[in-house]
Amino acid sequence: MQMPDGLPAEIDLSRPSAARVYDYFLGGAHNFEIDRQLAEQIASMTPNLAATMRAGREFLRRAVRVLLDAGIDQFLDIGSGIPTVGNVHEVAQAANPEARIVYVDIDPVAVAHSLELLAGNERATAIRADLREPKLILELARASGLIDFDRPVGILLAGVVHFIPDVDRPGDVLAALRAAAVPGSFLVVSHSTFEDQPKEMLDAQRLSARTDTEITLRSRAEVTDFFGDWTLLEPGVVHMPLWRPDSPADVDEHPERFGAFGGVARYDHAG
Ligand SMILES: C[S@@+](CC[C@H](N)C(=O)[O-])C[C@H]1O[C@@H](n2cnc3c(N)ncnc32)[C@H](O)[C@@H]1O
C-alpha cells in the first residue's frame with residue numbers, strides 16, 4: 001500500500017487504530033478514513049463517547065496537576081496517544097519548565113506525531129513500545145536520559161490498561177512498573193468499566209475488537225488492584241468526573257455514564 005508522506009512504513013492502513021479513532025473523537029487531524037468510519041459507527045451507538053474521551057483527558061490533566069503540586073517533575077506516560085491539546089508535557093512544563101516527560105505508545109502514528117510535536121523540546125520524547133513489555137519500557141525510559149528512577153516519578157496509565165487482556169497478566173505489568181519506582185512516586189490509572197453501564201455502551205466497546213487493540217472492561221475492584229499496596233489518594237477509585245473535579249458544576253448528573261474509573265496512588269515508605 002502507498003503510504004501517505006512522512007508516515008512510518010509499518011502502519012497498517014487496512015485496519016482502524018485505537019489511537020487514531022481516539023484522535024478523531026478529540027477533534028484531531030491524525031486519522032484516516034478507516035478510523036473515521038469506525039469512530040462514526042461507535043458515535044452513532046453512543047453519542048456520549050466523545051464526551052467520555054474528553055472526560056478522560058480532563059481526569060488526566062487534574063491528576064497531573066496534583067502530582068506537580070506534590071513535587072513530581074518526571075512523568076512516564078504510557079499509552080499516551082496522539083498529541084492533542086492539553087498534553088501532559090504542556091500541563092507539566094507550564095507549571096515547571098524543568099519537568100521531563102517520556103511518552104510511550106504502541107502505535108507508530110502516535111509516536112511519529114508526538115516526536116514531530118516535541119521537536120526542539122529537550123525535556124520530552126516519545127518511544128514506541130508495548131505496555132506488555134514493562135521491563136523494556138523502563139529500560140528505554142532510562143536510556144532516554146529523561147527519567148531517573150532513583151527519584152520519585154509519575155507513572156501515567158490513562159485509558160490504556162483496558163487494552164491488556166487478562167491472558168497478558170496486566171496485574172504483573174503494573175507490579176513491574178511499581179517495582180521500578182521509589183517512595184514518593186505516583187501512579188495514575190483510568191480504565192473502562194462495565195459497572196453501571198447501559199447496554200449500548202457495552203455494545204460499542206465490543207466494536208473495539210475491530211482495532212488491533214480490543215478493550216477488556218473491568219470492575220472497580222479489579223482496577224483498584226492495579227494500585228497494589230500503594231496509598232490511594234482521596235476519593236479513591238471513582239467514575240472519572242468524580243475524581244477531584246475543578247468545580248462541583250463540572251460533574252455530570254450521571255458521572256457513571258462516562259464509562260471509566262480513575263484513581264491516583266502514592267508509594268509511601270513501608271512501616
Ligand atoms: C484511549 S488512548 C488514551 C490516550 C491518552 N493516554 C489519554 O488519556 O488521553 C489509548 C492509547 O493506548 C495505546 N495502546 C494500546 N495498547 C497499548 C499497548 N499494549 N502498549 C502501549 N500503548 C498501547 C493506543 O495506541 C492509544 O494511543
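Strands S7 (residues 238–239) and S8 run antiparallel and are joined by two bridges, where strands are DSSP runs of E with at least two residues, numbered from the N terminus, and two strands pair if DSSP finds at least two bridges between them. In this pairing Val238 stands opposite Gly262 of S8. The model is predicted, with local features requiring pLDDT of at least 70 and side-chain atom pairs counted only at pLDDT 80 or more, while totals for chains, interfaces and linings use all residues. Residues are numbered from 1 along each chain as its sequence is written, and side-chain values use heavy atoms, with hydrogens and water left out.

Strand S8 also pairs in the antiparallel sense with strand S5 (residues 186–192) over seven bridges, with Val189 opposite Gly263, and with strand S6 (residues 231–232) over two bridges, with Leu232 opposite Ala265. Six of the seven residues of S8 (residues 260–266) are buried, so this strand is largely enclosed by the rest of the structure; buried means under 20% relative accessible area, exposed over 50%, and partly exposed in between, with a 1.4 Å probe and protein chains only.

Around the ligand there are 19 residues, of which Tyr22, Arg57, Gly79, Asp105 and Leu131 come nearest, a residue being near if one of its heavy atoms lies within 4 Å. A polar side-chain atom of Tyr22 lies 2.6 Å from a ligand oxygen atom, and a polar side-chain atom of Asp105 likewise lies 2.6 Å from an oxygen atom of the ligand.

How values were computed
A polar contact is a pair of N or O atoms within 3.5 Å; within protein, one must be able to donate a hydrogen and the other to accept it, and residues adjacent in sequence count only if both atoms are side-chain atoms. Helices (H or I, at least four residues) and strands (E, at least two) are DSSP runs, numbered from the N terminus.
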